[in-house]
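Walk through this model with the coordinates open. The tour goes element by element.

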Amino acid sequence: SEEDPSFEQEPFKALCDIEAIGASCSQVFALPEGRMLSYFGLVPPESSLDVPNALLGAIYYSYIFLYSLGAVPSYVPTVVTFGISCVAMASSIF
């Protein structure tokens, strides 16, 4: 389908981009560190598993939410949840 040439799309501006203080989270998301799995060599760059850190965070918080509801199977030991949480905290510090 052809696009209307008179239609101009405004460039995306994230809510966390604050020009007054020179902060731009969208620039940070575009850095190599914004995809930790490939940055640390755990998956090849540009592979289907090379997902943004935001997706990893969403998966983690979804797991924690389900865990708090008791929806995580009982065969997943608490130590696994503790380990996942430690990795999540370390990635936040990074």
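Tyrosine 67 lies in helix α3. Helices here are DSSP runs of H or I with at least four residues, strands are runs of E with at least two, and both are numbered from the N terminus. At 32% relative accessibility, tyrosine 67 counts as partly exposed. The scale is simple: buried means under 20% relative accessible area, exposed means over 50%, and partly exposed is in between (1.4 Å probe, protein chains only). From tyrosine 67 to threonine 78 the sequence separation is 11 residues, and the C-alpha atoms are 9.8 Å apart.

Keep the ground rules in mind: this is a predicted model, in which local features need pLDDT of at least 70 and side-chain atom pairs count only at pLDDT 80 or more, while totals for chains, interfaces and linings use all residues. Residues are numbered from 1 along each chain as its sequence is written, and side-chain values use heavy atoms, with hydrogens and water left out.

Stay with α3 and check its length. The expected span of a helix is 1.5 Å times one less than its number of residues. For the 16 residues of α3 that gives 22 Å, and the end C-alpha atoms are 22 Å apart, so the two agree. Just after α3 comes glycine 70, with a positive phi of about 80 degrees.

Now move to α4, residues 78-93. Threonine 81 is in this helix. Threonine 81 has a relative accessible area of 7%, so the residue is buried. Its side chain makes a polar contact with the side chain of tyrosine 63, at 2.5 Å. Such a contact is a pair of N or O atoms within 3.5 Å; within protein, one must be able to donate a hydrogen and the other to accept it, and residues adjacent in sequence count only if both atoms are side-chain atoms. Methionine 89 is also placed in α4. Methionine 89 counts as exposed because its relative accessibility is 53%. Methionine 89 and alanine 54 are 35 residues apart in sequence, with 14 Å between their C-alpha atoms.

Next, the loop between α2 (36-39) and α3 (53-68). Which residue here has a positive phi without being glycine? Glutamate 46 does, with phi near 70 degrees. Glutamate 46 is in this loop and, at 75% relative accessibility, counts as exposed. Proline 44 is in the loop between α2 and α3 too. At 53% relative accessibility, proline 44 is exposed. Proline 44 and serine 74 are 30 residues apart in sequence and 33 Å apart, C-alpha to C-alpha.

Phenylalanine 40 also lies in that loop. The structure holds three aromatic pairs. One of them joins tyrosine 39 and phenylalanine 40, edge-to-face, at 5.2 Å centre to centre with 80 degrees between the planes. Rings of Phe, Tyr and Trp (its six-membered ring) pair if their centres lie within 6.5 Å; planes under 30 degrees apart count as stacked, over 60 as edge-to-face and the rest as tilted. Tyrosine 39 is partly exposed at 39%, and phenylalanine 40 is partly exposed at 47%.

Tyr39 and Phe40 also belong to a nonpolar surface patch of about 460 Å², together with Leu42 and Phe94. Patches take residues with over 30% relative accessible area and no salt bridge, joining like charges within 9 Å and nonpolar side chains (Val, Leu, Ile, Met, Phe, Trp, Tyr) within 5 Å. A salt bridge is a side-chain nitrogen of Lys or Arg within 4 Å of a carboxyl oxygen of Asp or Glu. Accessible areas come from the Shrake-Rupley method with a 1.4 Å probe, and for residues only the protein chains shown count as cover.

End in the segment before α1 (25-29), where alanine 14 is found. Alanine 14 counts as buried because its relative accessibility is 13%. Alanine 14 and threonine 78 are 64 residues apart in sequence and 37 Å apart in space, C-alpha to C-alpha.
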